[in-house]
Amino acid sequence: MHRLISTILLLFFSLLLFGQEDTDTYDKVALELRQRNFKKADELIKDLIAEDPNDIRAFGFRTQYFILTSDITGAEEHLEDGLRRFSKNPYFYESRSYYYYSILQFDHAIRDLSRAMKLAADADKKNYFLISRAIAKSGKMDHEGAYADYMIAYKFDSTNIHVLNNLGAIADNLGKVDDALEYLQRVIDLQPDFAPAYINKGYQLQKMEKHEEALTYFDKGVELSPDSPLAYSNRSFSRLNTGDLKGAMKDVEKSLKLYPGNSYAYRNRAHIYLEMGKNDKACEDLYEAEKQGFSKMYGQEVQRLIIINCYNYESK
């Protein structure tokens, strides 16, 4: 499913150690990592570690840095050192779970988050790690397990917008469409400026082929989060299905500019090209969607489209 829950590392990092007090330096590090200003982030992380070598949040940021720069060797050495120094600290296991998630070792990530829950000192922290474990289970495509964890978190705090938003996504995966729409609407009611809920609700309506209604939610999502590649990608498909080829193309191009590896956007652009009668361009995008991992993430649609439309096309 093409939704924000698919961007797991982004969500993990947005939740990183939220139970600890923020400082200006922590905020700056988080911002530099989000903006991929790795040199500046590295300098700030080193400053934090120099000030306190046992700063577990600085350790977590260093883990993020290695993951985002694809330095697997650095990450593994860093985590080995962390195990020696922080084996009784739940936040170490949370940090290591991000690394395991980044290399798609979901069972290891789930195991570490379960350890973090056991080591957590109070119910708030246990619930926080439970939410991260639910995200890890969804990455494993264990939708039943993720739903069970989210429901425990929901009973603990029924106003947590991240829990409600992800419950909407998981409920959809389990065929609970009405529940999904209800959870997402509750997020919107609780926090009207939370863009992911609008984007996810638009996606729900899109799946129901209510494209005009979906567009109102995608428009709001884009307004609130103008740099969200998923918002533009999803809106492009509803624009296509309402006959707005020009708007659909504009959206999908914007999505790919923001996120060049978005396999779903290539699939969407292929649909636009097919509608325009440009089969070669469509096939080029379908093969690129496969190269970017569409089938692994979303199923066999692109492969079927290639069989139907690209029998005379030679992939480059």
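Helix H17 passes helix H19 in a left-handed crossing (left-handed means that the near helix is turned anticlockwise from the far one by less than a right angle). The model is predicted: local features need pLDDT of at least 70, side-chain atom pairs count only at pLDDT 80 or more, and totals for chains, interfaces and linings use all residues. Residues are numbered from 1 along each chain as its sequence is written, and side-chain values use heavy atoms, without hydrogens and water.

H17 spans residues 279-291 and H19 residues 301-309; their axes come within 10 Å and cross at roughly 150 degrees. The two helices are therefore roughly antiparallel (over 145 degrees). On the H17 side, Asn279, Cys283, Leu286, Tyr287, Ala289 and Glu290 make the contact (heavy atoms within 4.5 Å). Their partners in H19 are Val302, Gln303, Leu305, Ile306 and Asn309. These residues divide into 7 nonpolar, 3 polar and 1 charged.

The structure holds 20 salt bridges (a side-chain nitrogen of Lys or Arg within 4 Å of a carboxyl oxygen of Asp or Glu). Among them are these:

| Pair | N to O distance |
|---|---|
| Asp107 and Lys140 | 2.7 Å |
| Arg235 and Asp251 | 2.7 Å |
| Arg239 and Asp244 | 3.9 Å |

Asp107 sits in helix H7, and Lys140 in the loop between H8 and H9, 33 residues apart. Asp107 is partly exposed at 48% relative accessibility (buried is under 20%, exposed over 50%, partly exposed in between, with a 1.4 Å probe and protein chains only). Lys140 is partly exposed too, at 40%.

Arg235 and Asp251 are both buried. Arg239 is buried at 18%, whereas Asp244 is partly exposed at 31%. A network of salt bridges links Asp219, Arg235, Arg239, Asp244 and Asp251.

Key
Axes fitted to C-alpha atoms, helices over the stretch in contact; angles between N-to-C directions. Helix = DSSP H or I, 4+ residues; strand = E, 2+ residues; numbered from the N terminus. Parallel < 35°, antiparallel > 145°, perpendicular 65-115°, else oblique. Nonpolar A, V, L, I, M, F, W, Y, C, P; charged D, E, K, R; others polar.
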